[in-house]
Amino acid sequence: MERLESRRLELESRVGDLRRAVDREIGWAPKAKTWVLPMVAFASGVALATWLVARRRG
């Protein structure tokens, strides 16, 4: 359970970093927590697709 909590805190930190980076580059970033899930889902999908393509080629 402790590992899950540390992973959750790490994810929250990374999403916060991502939000600040988007705000810096674009000038705005969604502030509502409802935007976090779609952003994480999209990023996870892209990472999974990249991993699958690399695995097929290798």
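The secondary structure of the protein comes to 2 helices and 0 strands. Helices (H or I, at least four residues) and strands (E, at least two) are DSSP runs, numbered from the N terminus. The model is predicted: local features need pLDDT of at least 70, side-chain atom pairs count only at pLDDT 80 or more, and totals for chains, interfaces and linings use all residues. Residues are numbered from 1 along each chain as its sequence is written, and side-chain values use heavy atoms, with hydrogens and water left out.

Helix 1 covers residues 2-26. Its 25 residues reach 36 Å from the first C-alpha to the last, close to the expected 36 Å (1.5 Å times one less than the number of residues). G27 follows helix 1 and has a positive phi, near 105 degrees.

Of the 58 residues, 7% count as buried (under 20% relative accessible area; exposed is over 50%, partly exposed in between; 1.4 Å probe, protein chains only).

The protein has 4 salt bridges (a side-chain nitrogen of Lys or Arg within 4 Å of a carboxyl oxygen of Asp or Glu). One joins R8 to E5, with the closest N and O atoms 2.7 Å apart. These two residues are 3 apart in helix 1, so about one helical turn separates them. R8 is partly exposed, at 37%. E5 is also partly exposed, with a relative accessible area of 37%.

E10 and R14 form a salt bridge at 2.9 Å, N to O. Both lie in helix 1, 4 residues apart. E10 is partly exposed, at 34%, whereas R14 is exposed, at 55%.
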